[in-house]
Amino acid sequence: MTSSSLRKSSVIFGAFLVTTFIIGVAGALQSPTLSRFLSFEVGADPRLVGLFFSINALASIIGSYLLAKYSDNKGDRRKIVIFCCLMGLANSLIFAYSRNYYVLITLGVFFAALASAAMPQVFAMAREYAEKSGRNAVAFNSLIRAQLSLAWVIGPPLSFGLAIHYGFTSMYLCAMSMFIISMFVVAVFLPPVEKKSISSLSPSQLATANQSIFTNRNVMCLLLSTIFMWTANMMYIIDMPIYVEKVLHLSDSLPGALMGLAAGIEIPVMIIAGYMVPALGKRNLFFIAIICGILFYVGMILFTDPIMLYVLQLFNALFIGIVANIGIIYFQDLLPTRMGVASTLFNNGIICSIILAGIIQGFASQAYGHEIIYWIGLVMVTISFVFCALVKK
């Protein structure tokens, strides 16, 4: 490779990292404070807040999936990412200046649903670029996925800081600026990438890749495995701050420290896992991650000491760090001619998990107490192991 080609490749790689980080920060600015915004700024009661989250999640699943199908058939992913960022910009403007609940739940949700496809499209484009340029696709994805995690380490505290000290209008305008920067980086520095040629696949591979996802046993088993494990994780995230304070009677600052520690460990775990794929394989790494998840929930049931809760975050980080990185690659391998749909399925599995986790955590903790959440999480992670085992190599 010549020096000019090497420089060009480095610029493109850097552009993928910057795009993922900036779009991730935009999302991490908006999501953590949304319930606070709807409650205090818009004046919505708890039922309307819950309805907003449900409709927003369902709209994101539909919008991102439709854009994914279009992108796999004939769309230029680079243009679609720019379009999604433009929708994110429109969404940010509406939230910055409107305090009308019905405007937000219609126009705001519509623009948010289309904007939600940006990240899956970036990952699909990154996979196609890695294969075209001869890079290690898994390691390439690991470094890019780590940027998203880094964005979620920085974004939430920045979000609350902006909202509390400067107001929600300033916070949403800051998110809007992130989308503008992303559009510029994608338009200027990312090249158009050809989709994978079907001629490289055998007839049996092509038939499997192009069959309906609902009749593709491997895809459906992996999707169900993903939904079960992420639902367990989301229930933990929702319940743990309440459990630590009200049941264990520990410091109210401990939940933030536990989440921050896990997030910090997840980033190197993602990168290391990417480089371990050639030696261990994606399927085996998934099994290792789920076993770590099982050990984590067993630990949450058995231990109440703060030191042990800190130690358990290592298993939590291994569980989520590996799954968050390898999961999207696993889906792409099962659908090699539909990278957009594959990336979106992984993303939508997480969104489904958020909906399920909110419902289960609310009803179960109210009826049976917070301790039951970790037993349910343990059962769910165990079920995810079974579904993962049903995915053929």
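A residue counts as buried when its relative accessible area is under 20% and as partly exposed when that area lies between this value and 50%. The structure described here is a predicted model. By the burial criterion Tyr236 is buried, because its relative accessible area is 3%. Phe296, with a relative accessibility of 0%, is likewise classed as buried.

Tyr236 and Phe296 form an aromatic pair, with ring centres 5.0 Å apart and an angle of 85° between the planes. The pair is edge-to-face, because planes over 60 degrees apart are assigned to that class. It links distant parts of the chain: Tyr236 lies in helix H10 (residues 217-247) and Phe296 in helix H12 (residues 282-302), 60 residues apart.

In the model, the count of aromatic pairs comes to 22. Among them is the pair of Phe184 and Phe189, which is also edge-to-face, at 6.2 Å centre to centre and 80° between the planes. Phe189 has a relative accessible area of 36% and is therefore partly exposed. One aromatic cluster is formed by Phe37, Phe52, Phe95, Tyr101, Tyr102, Phe168 and Tyr172.

Helix packing was examined for H11 (residues 254-280) and H13 (residues 306-334). The axes of these two helices are 7 Å apart and meet at an angle of about 40°. The crossing of H11 past H13 is right-handed. Residues in the contact of H11 with H13 comprise 20 nonpolar, five polar and one charged.

Methods. Residues are numbered from 1 along each chain as its sequence is written. This is a predicted model: local features need pLDDT of at least 70, side-chain atom pairs count only at pLDDT 80 or more; totals for chains, interfaces and linings use all residues. Side-chain values use heavy atoms; hydrogens and water are left out. Axes are lines fitted to C-alpha atoms, for helices over the stretch in contact, and angles run from 0 to 180 degrees between N-to-C directions. Helices (H or I, at least four residues) and strands (E, at least two) are DSSP runs, numbered from the N terminus. A crossing is left-handed if the near helix is turned anticlockwise from the far one by less than a right angle, and right-handed if clockwise. Ala, Val, Leu, Ile, Met, Phe, Trp, Tyr, Cys and Pro count as nonpolar, Asp, Glu, Lys and Arg as charged, and the others, Gly among them, as polar. Rings of Phe, Tyr and Trp (its six-membered ring) pair if their centres lie within 6.5 Å; planes under 30 degrees apart count as stacked, over 60 as edge-to-face and the rest as tilted. Buried means under 20% relative accessible area, exposed over 50%, partly exposed in between (1.4 Å probe, protein chains only).
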